Amino acid sequence: MIRTHQLSYQYPAGPLLVFPDVDVPQGAVLLLSGPSGCGKSTWLALVAALLAPTAGTLTVAEQALGTLKNIAADAWRARAIGFLPQKLHLSAALDVQQNLALAQWASGQAEDPARIHAALSALGVQELARRRPSQLSGGQAQRVALARAVLLNPRVILADEPTASLDDEAASDAVGLLLDTARTHGATLVIATHDARVAALIPPGNNGQIGFQPLQLQRNQL
Ligand code: ADP
Ligand code: MG
C-alpha cells in the first residue's frame with residue numbers, strides 16, 4: 001500500500017514539486033504518468049525513502065516514512081521496496097548470480113543461492129547466471145534487474161520508465177512481466193512512465209491485480 005497526503009519536495013536550487021494525494025491498496029497497480037520533468041522519478045524516490053519530503057506525509061507498506069532515519073530507512077527499503085531503476089545499475093564486474101548475491105549482502109542477509117536460482121527461474125533467465133551484464137541483451141538485463149528487485153519479496157515494486165527505448169513487442173513483454181511478477185508476490189506495483197503506449201498494455205481486468213489507478217502528473221503543478 002502507498003498513501004500520501006499533501007506531499008511535496010523542494011530541490012535545493014530546483015523546482016518545488018507538489019504531488020496529488022494517492023491511496024493505493026496493497027496489491028494494486030498505479031500508473032504514474034506525465035511528461036518528462038513533471039516529477040515521476042522524484043515521487044518514486046520519496047516512496048522508496050531515498051528522499052525525505054519537504055512537506056506532507058506518506059505511508060508505504062504500513063510504514064510512516066517521515067520518521068525513519070537513514071540507517072532505518074536503508075533497512076526498511078531493502079525489505080519493503082523492489083526498485084527497477086531506469087538505469088539498471090548491474091555491476092559490470094560481477095556475473096548475474098553475483099549481482100543478485102550482492103543485493104542479498106546489501107540487505108544484511110547471507111548469500112542464498114537457492115533463492116537466487118528461484119528468482120532467476122521465475123523470470124526465465126536462470127541459464128544466464130554466469131554471464132556478465134555486458135553479455136546480456138537489453139531485455140535479458142531488465143529481467144535480471146527485475147529478479148534482483150523481487151529477490152527479497154518486497155511489498156512494493158517501483159519501475160522507472162521500464163519501456164524506455166524498447167520497441168513495441170519488448171515494451172509489451174516488459175509491462176506483462178511487471179504485472180505478472182507483482183501479482184505473484186502480492187506486491188503493489190508502480191509504473192512511472194512518459195510512454196503513452198503503457199496504459200494500453202495494462203489489460204482490462206488488470207491481469208488479476210486487485211485495482212488499477214492512473215495518476216497523471218502535470219508540469220504546471222510545479
Ligand atoms: P521525471 O522523472 O518526471 O522526468 P524528475 O522527478 O526527474 O521528473 O524531475 C522533476 C523536476 O525536478 C525536473 O524539473 C528536474 O529538472 C528537477 N530535478 C530533478 N533532480 C534534481 C536535482 N537533483 N536538483 C535539482 N532539480 C532536480
Ligand atoms: Mg524520470
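User: Which residues is ligand 1 surrounded by, and what makes a residue near a molecule?

Analyst: Ligand 1 is surrounded by Y11, P15, L17, P35, S36, G37, C38, G39, K40, S41 and T42, each of them listed because a residue is near a molecule if one of its heavy atoms lies within 4 Å of it. The model is a predicted one, in which local features need pLDDT of at least 70 and side-chain atom pairs pLDDT 80 or more, while totals for chains, interfaces and linings use all residues. Residues are numbered from 1 along each chain as its sequence is written, chains are lettered from A and ligands numbered from 1 in the order written, and side-chain values rest on heavy atoms, with hydrogens and water left out.

User: What makes the approach of G37 to an oxygen atom of ligand 1 a polar contact?

Analyst: A polar backbone atom of G37 is 2.7 Å from an oxygen atom of ligand 1, and since a polar contact is a pair of N or O atoms within 3.5 Å (within protein, one must be able to donate a hydrogen and the other to accept it, and residues adjacent in sequence count only through side-chain atoms on both sides), this pair qualifies.

User: Why is α1 called mostly covered?

Analyst: Helix α1, residues 40-47, has seven of its eight residues buried, namely K40, T42, W43, L44, A45, L46 and V47. Buried means under 20% relative accessible area, exposed over 50% and partly exposed in between, with a 1.4 Å probe and protein chains only. After α1 comes A49, whose phi is positive, near 60°.

User: How do you know whether G34 is buried or exposed?

Analyst: G34 has 7% relative accessibility, under the cut-off, and so counts as buried. The residue is found in the loop between β4 (29-33) and α1, and its C-alpha atom is separated by 28 Å from that of A73, 39 residues apart along the chain. L30, whose place is in strand β4, is buried as well, with a relative accessible area of 0%.

User: What makes Y9 and Y11 an aromatic pair, and which kind is it?

Analyst: Their centres are 4.8 Å apart, with 80° between the planes; rings of Phe, Tyr and Trp (its six-membered ring) pair if their centres lie within 6.5 Å, with planes under 30 degrees apart stacked, over 60 edge-to-face and the rest tilted, so the pair is edge-to-face. A search of the whole structure finds one aromatic pair. Y9, at 11% relative accessibility, counts as buried, whereas Y11, at 29%, counts as partly exposed.

User: What makes the contact between Q104 and D112 a polar one?

Analyst: A polar atom of the Q104 side chain lies 2.8 Å from the backbone nitrogen of D112, so the pair is inside the limit for polar contacts. Q104 lies in helix α3 and, at 0% relative accessibility, counts as buried.

User: Why is one space called a pocket and another a cavity?

Analyst: On a 1 Å grid over the protein atoms alone, a cavity is a set of points where a 1.4 Å probe fits but cannot get out, whereas a pocket is an open set with protein on both sides within 12 Å along at least five of seven lines; lining residues have an atom within 4 Å of a point. The largest pocket holds about 610 Å³ of space, and of its 21 lining residues R77, A78, I81, F83 and A103 are the closest to its centre. Two or more lining residues come from each of α2 (70-80), β7 (81-84), α3 (96-106) and α5 (138-149). The structure holds one cavity of 30 Å³ or more, with about 40 Å³ of space, lined by L84, Q142, R143, L146, P162, A174, L177 and L178. Both α5 and α6 supply at least two residues of that cavity lining.

Key
Grid points are joined across faces, edges and corners, and a volume is the space filled by probe spheres set on the points. Helices (H or I, at least four residues) and strands (E, at least two) are DSSP runs, numbered from the N terminus.
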